[in-house]
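Thanks, everyone. Let me put the structure up, and then we can walk through it.

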Amino acid sequence: LDKKIKLRREETLANMCDERARMLQDQFNVSMNHVHALAILVSTFHYGKDPSAIDQKTFGEYTERTAFERPLTSGVAYALKVPHSERKQFEKQHGWTIKKMEMEDQTLVQDCIPEKLDPAPIRDEYAPVIFSQETVSHIVSIDMMSGKEDRDNILRARASGKGVLTSPFKLLKSNHLGVVLTFAVYNADLPLDSTPELRIESTVGYLGASYDIPSLVEKLLHQLASKQTIVVNVYDTTNALAPILMYGTDVTDTGLLHISNLDFGDPLRKHQMHCRFKYKP
Ligand code: WA2
């Protein structure tokens, strides 16, 4: 009988964990598809029309009204590809200088007050944010290539044509651990088998979404009852030897553990959900 109860407990935990993992993965996938569609929208209405049919007002309104399509995201933004040769012209046209994301004093960066940010140092190219959803308006004018995680994402997104994810890192202003999803925007509808070289050359900008993991996973788990029953942790397990805790507090071992795999659509990144019962039987 004891064995039967134990088996039953394991089954319950597995079912609860798999259900939560599936929900998180599905919501992530839904918003990823919508961010992809936004990248195509910018390509069609900003670059496909002359004059452009998108400005900050249109972008801000559209992204706010369609926010329900992107569950778990805290905001979307569009950064422009600007080669150094065009920097002066770009800054004159926009009436502001391209800002650097990183400062000597990390705490000030997190506050993210644009006037306090330094101008971006000279580089071959920049990726300043020109359009944003209201919720992330604090990143407008910041060069996304001046932050390591954002830069890696931009380089990988434009060479691959796929949606790519960063490792977890502290997002600007919110100071919460999050991930950024990036799609490149091209000046043409490129065939699926295009070379990375052609893709990089055809790149005009980058559409990105940020996921504030703690608050958004919390919101998701809240929708399901039984928060009193199980403890959930989400890890980035890309480096199996050094998993990064993305959600939850450090675990108190109550014996039984169930691991559900998560697929967030970027084959380079691996994620897992770990579930335990809150109390020992
Ligand atoms: N968005 C919001 N908060 C952030 C952030 C970000 N990146 N990086 C650090 N904190 C415009 O990939 C292009 C969004 C980057 C896209």
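A definition to begin with: a residue counts as buried when its relative accessible area is under 20%. Keep in mind that this is a predicted model.

Now apply that cut-off. C17 has 0% relative accessibility, so C17 is buried. C275 also comes out at 0%, so C275 is buried as well.

What do C17 and C275 form? They form a disulfide, with their sulfur atoms 2.1 Å apart. A search of the whole structure finds one disulfide. The torsion about the S-S bond of C17 and C275 is about 80 degrees, so this disulfide is right-handed. Look at where the two ends sit. C17 is in helix α1, residues 2-47, and C275 is in strand β12, residues 271-277, so the bond ties together parts 258 residues apart in sequence.

On to the ligand. Which residues surround it? The shell is A77, I139, M144, D150, F169, L171, L172, V180, T182, Y206, G208 and S210. By class, that divides into eight nonpolar, three polar and one charged. Strands β7, residues 177-186, and β8, residues 203-212, each supply at least two shell residues. The largest share, three residues, comes from β8.

An N or O atom in the side chain of D150 is 2.6 Å from a ligand nitrogen. A polar backbone atom of L172 is 2.9 Å from a nitrogen atom of the ligand. The side chain of T182 places an N or O atom 2.8 Å from a ligand oxygen. How much of the ligand does the protein bury? Taken alone, the ligand exposes 400 Å², and the protein buries 98% of that.

One more residue: T166. Where is it found? T166 is in the loop between β5, residues 164-165, and β6, residues 169-170. Buried or exposed? T166 has 2% relative accessibility, so T166 counts as buried. Leaving aside neighbours within four places in sequence, T166 is in contact with E149, N153, V179, V180 and R269. Pick out V180 there. The T166 side chain reaches the backbone nitrogen of V180 at 3.0 Å. And V180 is also one of the residues around the ligand.

Notes:
Residues are numbered from 1 along each chain as its sequence is written. This is a predicted model: local features need pLDDT of at least 70, side-chain atom pairs count only at pLDDT 80 or more; totals for chains, interfaces and linings use all residues. Side-chain values use heavy atoms; hydrogens and water are left out. Helices (H or I, at least four residues) and strands (E, at least two) are DSSP runs, numbered from the N terminus. Buried means under 20% relative accessible area, exposed over 50%, partly exposed in between (1.4 Å probe, protein chains only). Contact means heavy atoms within 4.5 Å. A polar contact is a pair of N or O atoms within 3.5 Å; within protein, one must be able to donate a hydrogen and the other to accept it, and residues adjacent in sequence count only if both atoms are side-chain atoms. A disulfide is a pair of cysteine sulfur atoms within 2.5 Å. A residue is near a molecule or strand if one of its heavy atoms lies within 4 Å of it. Accessible areas come from the Shrake-Rupley method with a 1.4 Å probe; for residues, only the protein chains shown count as cover. Ala, Val, Leu, Ile, Met, Phe, Trp, Tyr, Cys and Pro count as nonpolar, Asp, Glu, Lys and Arg as charged, and the others, Gly among them, as polar.
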